[in-house]
Amino acid sequence: MIKLVLLDVDGTLTDPGRLISTRAVVAIRKAQKDGIIVSLASGNVVPVMYGIKTFVGVKAPVFAENGGAMFQNDEISTFFPMDMPKKLFDRLESEGKLKGILSNRWRLTSMAYVLSGASPEEITAEAHKDGLVTVNSGYSWHLLNKGQDKGFALEKLKEAYSLDYDEILVMGDAYNDAAMFKENVIKVVPSNAEDSLKSMADHILKEKDGNGVAEILKKIRSF
Ligand code: CA
């Protein structure tokens, strides 16, 4: 029985124009009324996750920066340091190898970038030298601490709610969701997901992005 649903945001709750699916919002509220725990994990920043959580009405903790930070009960928790990602980002930016994105001003544990003058492999190799990792969310690249991924967020929720893996359903559309696609969790993708993630999924939904969220939540509630 599914007790917790962990959703990605961009491309899962939102469409390619980044509009939130109103069907998904309604479905999340209904699922929570039925006692299903719903949480969000995104590469986006705490202020954005604060807004989505508040205005959609998500009750469980939500995760920003690919699991690096959590927001709940008017408190922000950070689980990874900022010093190394920031230091490497600043150096690579000054060398003209990447460019930051607007949301970096609100980041607490990682930096986001778009490529500029260097290949993704080159940036990733530089990151590895400093014990860091990179991941592409499909919207931007992220420079992260080792172990900082959506799988970390999943473990935090599993522990907080004393759940087994098979009581958790995860849904995402891009490669930065792969870390939460763990062996015994129920893995779901919307029809717009990247092929690499589709190949890891237990269920490929008929609907795209947020309408897919509504589709799977309806299915869970009918069990
Ligand atoms: Ca996504």
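Residues are numbered from 1 along each chain as its sequence is written. Since the model is predicted, local features need pLDDT of at least 70 and side-chain atom pairs count only at pLDDT 80 or more, while totals for chains, interfaces and linings use all residues.

View 1. Strands (E, at least two residues) and helices (H or I, at least four) are DSSP runs, numbered from the N terminus. E10 covers residues 168–171, and both of its faces are covered: Ile 168 and Val 170 are buried on one side, Leu 169 and Met 171 on the other. Buried means 20 or more other C-beta atoms within 10 Å of the residue's own (12 or fewer is exposed, in between is partly exposed), with C-beta atoms placed from the backbone. Strands pair if DSSP finds at least two bridges between them. E10 runs parallel to E1 (residues 4–7), joined by four bridges, with Leu 4 opposite Ile 168. E10 also pairs in the parallel sense with E11 (residues 186–189) over three bridges, and here Leu 169 faces Ile 186.

**View 2. Ala 174 in its loop.** Look between E10 and E11 for the loop that holds Ala 174. Ala 174 counts as buried because 22 other C-beta atoms lie within 10 Å. Leaving out residues up to four places away in sequence, Ala 174 touches Gly 11, Ser 137, Gly 138, Glu 194 and Leu 197; contact means C-beta atoms, placed from the backbone, within 7 Å.

View 3. Domain 1 is 4–79 + 148–221 and domain 2 is 83–145, with bounds from an automatic or database domain assignment. Their contact takes 16 residues from domain 1 and 15 residues from domain 2.

Key: Two residues are in contact if their C-beta atoms, placed from the backbone, lie within 7 Å.
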